[in-house]
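Let's walk through this model together, one packing site at a time. Please keep the structure open beside you as you read.

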Amino acid sequence: MHVPAEALLVTVAPTGAETSKADCPQLPTTLAELVTAAQECEAAGAAMIHVHIRDDDHAPSLDGQRLADTVAALHEATDLVVQLSTGGSVHDPLDQRLKVLDAAPDSCSLTMGTTNFGDDVFSNPWPFISDLYQLSQEREVVPEFELFDLGHVASLTRLLKTHGLPYGGKVHCDFVMGVPGGMPGTADALVAGVAALPPEVTSWGATGIGRTTLAVGLAALSKGGHLRVGMEDVLTLSRGVPVQSNRQLVERAVAMGELAQRRPMTPTEARTLLGTRP
Ligand code: KMH
Ligand code: ZN
């Protein structure tokens with residue numbers, strides 16, 4: 001069974017795929033903006049970065065060369081654990097999402113089921129989950145299991161039973177809460193999700209989308225979990241106050257952790273926690 005961790009893993013998700021640059025000019029969408037945001041967030045206490053990339057028009061992209069260049073640039077400029085999104089945008093086809101692993105990230109997101117996503121559908125059928133998981137094992141990429149709903153926890157239990165442990169032997173998952181169509185971003189929902197986790201889970205974190213961010217973050221800290229924050233998930237600090245940078249969100253997460261007597265984990269400690277490649 002997982003034990004409450006003392007040090008706090010802060011993951012930053014700086015960009016996402018669902019917000020447009022036109023609506024949010026401070027969103028890091030170019031490689032230079034992404035690297036600067038990563039450096040600022042590392043200095044503020046983040047240990048891992050969850051990455052979505054954009055093309056020259058700032059539109060979501062899964063271009064293989066761009067992904068590989070992004071992984072290399074982030075490794076060059078920071079010590080952060082680099083996690084590539086395999087979720088992409090709601091419009092990305094499954095075969096392109098599988099190819100993300102060709103860019104050889106340290107970690108990849110792996111969503112454990114299909115979810116209504118506002119007016120869209122974020123598609124994750126079981127054969128895709130299974131293929132992506134086996135590929136991650138072959139390529140020595142550590143998955144972070146994304147749990148948008150309680151049923152996704154049941155799918156994680158099934159996956160570990162049928163396909164064994166991830167590369168590195170650790171099982172880390174992240175509750176993504178408050179998506180319209182997924183589980184609500186409440187302490188009650190988080191408690192139910194944590195209680196249902198299979199015993200193989202060695203660590204977990206949580207993020208609350210939009211206005212659920214503080215409720216989920218505080219509940220996760222109370223339960224001994226880790227935090228993901230960033231402009232992928234929330235664009236206001238409080239009602240009517242826009243986020244200016246990802247660093248602000250990391251600083252707030254670190255301050256919340258310190259109140260809970262959880263110092264931020266270093267990237268080296270995060271690599272041990274997650275079991276990523278040396
Ligand atoms: N953009 C969402 C549809 C992930 O990165 O793995 C999916 C997402 C999850 O952001
Ligand atoms: Zn994402």
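Helix 1 and helix 2 cross in a right-handed way; a crossing is called right-handed if the near helix is turned clockwise from the far one by less than a right angle, and left-handed if anticlockwise. Helices here are DSSP runs of H or I with at least four residues, strands are runs of E with at least two, and both are numbered from the N terminus. Helix 1 covers residues 31-44 and helix 2 covers residues 64-77, and the two pack at an angle of about 35 degrees with their axes 10 Å apart. The axes are lines fitted to C-alpha atoms over the stretch in contact, and angles run from 0 to 180 degrees between N-to-C directions.

Which residues of helix 1 and helix 2 meet? On the helix 1 side they are L31, L34, V35, A38 and Q39, and on the helix 2 side D69, T70, A73, L74 and A77. Contact here means that the C-beta atoms of two residues, placed from the backbone, lie within 7 Å. The residues of this contact divide into seven nonpolar, two polar and one charged. In this scheme Ala, Val, Leu, Ile, Met, Phe, Trp, Tyr, Cys and Pro are nonpolar, Asp, Glu, Lys and Arg are charged, and the others, Gly among them, are polar.

A word on where all this comes from. This is a predicted model, in which local features need pLDDT of at least 70 and side-chain atom pairs count only at pLDDT 80 or more, while totals for chains, interfaces and linings use all residues. Residues are numbered from 1 along each chain as its sequence is written, and chains are lettered from A and ligands numbered from 1 in the order in which they are written.

Now look at another helix pair. Helix 7 and helix 8 (residues 246-259) pack at an angle of about 35 degrees, and their axes are 10 Å apart. The crossing of helix 7 and helix 8 is right-handed. Helix 7 contributes G217, L218 and L221 to the contact, and helix 8 contributes A253, M256 and G257. Those residues comprise four nonpolar, two polar and no charged.

Stepping back to the whole chain, you can count nine helices and 14 strands. Why does a radius of gyration of 17 Å agree with a compact globule? A compact globule of 278 residues would have a value near 19 Å, so the 17 Å of the protein chain agrees; the radius is taken over C-alpha atoms, and the globule rule is 2.2 Å times the number of residues to the power 0.38. The C-alpha trace spans about 45 × 40 × 40 Å along its principal axes. Among contacts with a separation of 6 or more, 74% join residues 24 or more positions apart.

How much of the chain is buried? Of the 278 residues, 49% count as buried. A residue is buried if 20 or more other C-beta atoms, placed from the backbone, lie within 10 Å of its own, exposed if 12 or fewer, and partly exposed in between.

Leaving out residues up to four places away in sequence, M265 touches A7, L8, L9, A47, A270 and L273. L8 also lies 9.8 Å from E269, C-alpha to C-alpha, although the two are 261 residues apart in sequence. E269 is in helix 9 (residues 267-274) and is partly exposed, with 14 other C-beta atoms within 10 Å.

A104, between helix 3 (94-99) and strand 6 (107-111), has a phi near 55 degrees, a positive value in a residue other than glycine. E140, between helix 4 (126-139) and strand 9 (142-147), also is not a glycine and has a positive phi of about 60 degrees.

Finally, turn to ligand 1. It is surrounded by 13 residues, the closest being A17, S85, G87, S109 and F122; a residue counts as near if its C-beta atom, placed from the backbone, lies within 6 Å of the molecule. The shell around ligand 1 divides into four nonpolar, seven polar and two charged residues.
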